[in-house]
Amino acid sequence: MLRIGDFSKLSQVSVKALRYYDDIGLLKPVSVDRFTGYRYYSADQMPRLNRILALKDLGFSLEQIAQLLDDGLSSAEIRGMLLMKQAEIRQQLDTEQARLARVEARLRQIEKEGNMPAYDVVLKKVEPQMVAGVRAVIPSYSDVGGLFGELFAYLGRRGVRPAGPPMAIYFDTEFKERDADVEAAIPIADRINADGRVSVRELPGAESTAIVVHHGSYETIGEAYTALMEWVQLNGYCIVGPIREVYLRGPESGGDPASYVTEVQIPVAKG
């Protein structure tokens, strides 16, 4: 028999790891001296230890490895676990490949502009939310304020407090000089009765949304859109839903337009 230190040298596995494998029942020593507590192993245990190391190298957790080493596990069950691990690794590769593409796009952007871009685009999952909204075709984008006035008045009469910042949703697939299809929407905590032009609905979420934050007046928000559209194109995405502007800080704050904060959201998918 081999003392734990000798078995550690033979297997090239640390004594600390061998003790831990013993503690969790993954690889028990052949015997333990009842007086000294020394652990003793056998060369016959090397195949099991090598299998543990091989499965660990495949990315399995020690808990999963214990299941895979269970003699009662059928070959179909083992195959199923391997297939799940294969799918998990492929997903990780896809995620890292997408991250690499974003890094390369950022490098190209810096090389083009000569410095760090003014806007940082991030991908986020947007959850569904209950909103009250007024949707209409308006003469120009600046007229969306009238829709918000109508909506805030409706909620005020019913004593409903907003559950989040107001937003505008733009349904046209291209820029419109006039007659824009726009919805003013305000998140609410609970469903209320719709009335007239005010609708109440669950606004769909989006698994992947490209988001940029614009600081400043609405007069210069076009710069944020330019940065966002360049990012979408450089990273191989396409737009799959209406654009949203979320007004994190706006005229209601009573501040200077230079202090406004607007989040522009575009639902996207790989093209």
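Me: Where is Asp 179 found?
Reply: Happy to start there, with the reminder that this is a predicted model. Strand 6 covers 167-170, and strand 7 covers residues 180-187. Asp 179 is found in the loop between strand 6 and strand 7.

Me: What is the phi of Asp 179?
Reply: Most residues other than glycine have a negative phi. Asp 179 is not a glycine, yet its phi is positive, at about 55°.

Me: Is Asp 179 buried, partly exposed or exposed?
Reply: Buried means under 20% relative accessible area and exposed means over 50%, with partly exposed in between. Asp 179 has a relative accessible area of 38%, so it is partly exposed.

Me: Now strand 7: is Asp 181 buried or exposed?
Reply: Asp 181 is found in strand 7, residues 180-187. The cut-off for a buried residue is under 20% relative accessible area. Asp 181 has 18%, so it is buried.

Me: What is the relative accessibility of Thr 262?
Reply: Thr 262 has its place in strand 12, residues 261-270. Setting aside residues up to four places away in sequence, Thr 262 touches Val 212, Val 213, His 214, Tyr 218, Ile 221, Glu 245, Val 246 and Tyr 247. Thr 262 counts as buried, and its relative accessibility is 0%.

Me: Turning to the helices, why do the buried residues of helix 1 line one face of the helix?
Reply: The residues in question are Ile 4, Phe 7, Ser 8 and Ser 11. An α-helix has 3.6 residues a turn, so residues three or four places apart point the same way. Seen down the axis of helix 1, the buried residues line one face because they fall within an arc of 105°.

Me: Which elements do the buried residues of helix 1 pack against?
Reply: Helix 1 has Ile 4, Phe 7, Ser 8 and Ser 11 as buried residues. These pack against strand 1 (2-3), helix 2, strand 3 and helix 3.

Me: Is Gln 12 buried or exposed?
Reply: Gln 12 lies in the loop between helix 1 and helix 2. Gln 12 is not a glycine, but it has a positive phi of about 60°. Its relative accessibility is 77%, so Gln 12 counts as exposed.

Me: Within what arc do the buried residues of helix 2 fall?
Reply: Helix 2 spans residues 15-23, and its buried residues are Leu 18, Tyr 21 and Asp 22. Seen down the helix axis they line one face, because they fall within an arc of 100°.

Me: Which residues are exposed on the other side of helix 2?
Reply: The buried residues of helix 2 pack against helix 1 (4-11), strand 3 (39-41), helix 3 (46-57) and helix 4 (62-68). On the other side of helix 2, the exposed residues are Lys 16 and Asp 23.

Me: Which residue just after helix 2 takes a positive phi?
Reply: Helix 2 covers residues 15-23. Just after helix 2, a phi of about 80° is taken by Gly 25.

Me: How many Å apart in space are Arg 51 and Leu 69?
Reply: Arg 51 has its place in helix 3. With a relative accessible area of 55%, Arg 51 is exposed. Arg 51 and Leu 69 are 18 residues apart in sequence, and their C-alpha to C-alpha distance is 8.5 Å.

Me: And how many Å apart in space are Gly 5 and Val 121?
Reply: Gly 5 is found in helix 1, and at 31% relative accessibility it counts as partly exposed. Gly 5 and Val 121 are 116 residues apart in sequence; in space, C-alpha to C-alpha, they are 53 Å apart.

Me: To finish with the whole chain, what is its radius of gyration?
Reply: The C-alpha trace spans about 90 × 50 × 40 Å along its principal axes. A compact globule of 271 residues would have a radius of gyration near 18 Å, but the chain has 30 Å.

Methods: Residues numbered from 1 in each chain as written. Predicted model: local features only at pLDDT ≥ 70, side-chain atom pairs only at ≥ 80, totals over all residues. Heavy atoms only, no water. Rg over C-alpha atoms; globule rule 2.2 N^0.38 Å. Buried < 20%, exposed > 50% of the residue type's maximum accessible area, 1.4 Å probe, protein only. Helix = DSSP H or I, 4+ residues; strand = E, 2+ residues; numbered from the N terminus. Arc of directions from axis to C-beta. Contact = heavy atoms within 4.5 Å.
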